[in-house]
Amino acid sequence: MADRQHLEECIRLASQARGATSPNPMVGAVVVRDDEVVGRGLHRCPGDPHAERVALDEAGDRTRGATLYVNIEPCSHQGRTPPCIDAVLQSGIKRVVVSTLDPDPRVSGGGVKALRAAGLQVDVGELAFEATRLNEAYLSYKTCGRPFVTAKAAISLDGRLATRRRESQWISGEIARRRTHQLRAETDAIGVGIGTVLDDDPRLTVRGGSSEGPRYRVVFDTNLRTPRTARMLSESGGRVLLFCGPDAPADAEAELGALDAEIVRVSSDGEGLSWDNILSELAARDVMSLLLEGGSGVLTSAFEAGIICKLFLVYAPLLIGGSGALSLWGGDGVDELTAAPRLRHVRHFSLGDDWAVEGYLQGPEPSL
């Protein structure tokens, strides 16, 4: 029970840096000696000291014979900071408790192996799922080599994203919209289709709080129809990244590039732009997480390509109706219920008069 409580504190500490550590994981550490917490630490941002070193430094000479708790395996390689296992071995720590291993090829069990080889007791696996959920984007990126994709949408009770006249502002209430900005603040990139840009002229920024928001604001724009007057092109809040097809007009590329948008041409077929190419390009820019905010065409394409890892759906207590209204997943859908994607690890909670459903379609399993 004590191990669980201390690892819960590690996860709480780590989560304080949510949205600030990419491309590193969120890490919290606690040092305990004689049932007393003598040191705490978290990793705040890339280049800052790792959580283990912060906790060990706070504990000082009380680390001798103590136990170190950390939500993910201590690193064993030289990066922007020295390997954490060196500090652990020098500290006199006798036991290390870790929730999950780090799938980074430079670590991948090497930290635990080195600690055990030096005679320390190392236990792995307590709160593994909770630790995996916390660092789902990092673990997916390191395991699969692509961003963790979350699809977010505000929908009516009958599953509509917008009316037949494409009106969608605002389906959800103020509390739910604030939650959307929290999600944006925690992600590396936000993505929308050109239809959303033309209909809503979104800024795709984070409003409220102290976060600067995502590093990239992404538009999937096959023919480069993004208006030169689009608000996202004139407002700060992350680099604008436009994915287009190979035949997009060169003059449009030049004009949008002159407005500081980055244009990336990817292959396309009858179904649209290649998701494999898009995710590879984002991964090359150290984008670990992508939040898809619509519209219907982009979400339908993402569902059918099987790239969505997690859904975050906000249901509003209203009905839109109409066969021409935009739906969450258009096209033909599935033919049989056995083929229907089913969410796992589902959570649901209220957001004012709205309520949210969150669950996984796919995701990293704990590394033990």
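Q: Buried or exposed: which is Asp269?
A: This is a predicted model, in which local features need pLDDT of at least 70 and side-chain atom pairs count only at pLDDT 80 or more, while totals for chains, interfaces and linings use all residues. Residues are numbered from 1 along each chain as its sequence is written, and side-chain values use heavy atoms, with hydrogens and water left out. Buried means under 20% relative accessible area, exposed over 50%, and partly exposed in between (1.4 Å probe, protein chains only). Asp269 has 53% relative accessibility, so this residue counts as exposed.

Q: What is the C-alpha to C-alpha distance between Asp269 and Gly245?
A: Asp269 sits in strand 12 (residues 268-269). Strands (E, at least two residues) and helices (H or I, at least four) are DSSP runs, numbered from the N terminus. Asp269 and Gly245 are 24 residues apart in sequence, and their C-alpha atoms are separated by 9.1 Å.

Q: How many aromatic pairs does a search of the whole structure find?
A: Rings of Phe, Tyr and Trp (its six-membered ring) pair if their centres lie within 6.5 Å; planes under 30 degrees apart count as stacked, over 60 as edge-to-face and the rest as tilted. With the whole structure searched, the number of pairs is 5.

Q: How is the pair of Phe303 and Trp329 classed, stacked or tilted?
A: The ring centres of Phe303 and Trp329 are 4.7 Å apart. Their planes meet at 5 degrees, so the class is stacked.

Q: How many residues apart in sequence are the parts that Phe303 and Trp329 tie together?
A: Phe303 belongs to helix 12 (residues 296-305). Trp329 belongs to the loop between strand 16 (326-327) and strand 17 (344-351). The pair therefore ties together parts whose separation in sequence is 26 residues.

Q: What arc do the buried residues of helix 2 cover around the axis?
A: The buried residues of helix 2 (residues 51-59) are Ala51, Glu52, Ala55, Leu56 and Ala59. They lie on the same side of helix 2, because their arc, taken from the directions from the helix axis to the C-beta atoms, is only 125 degrees.

Q: Which residue just after helix 2 takes a positive phi?
A: The phi in question is about 60 degrees. The residue with this positive phi, just after helix 2, is Gly60.
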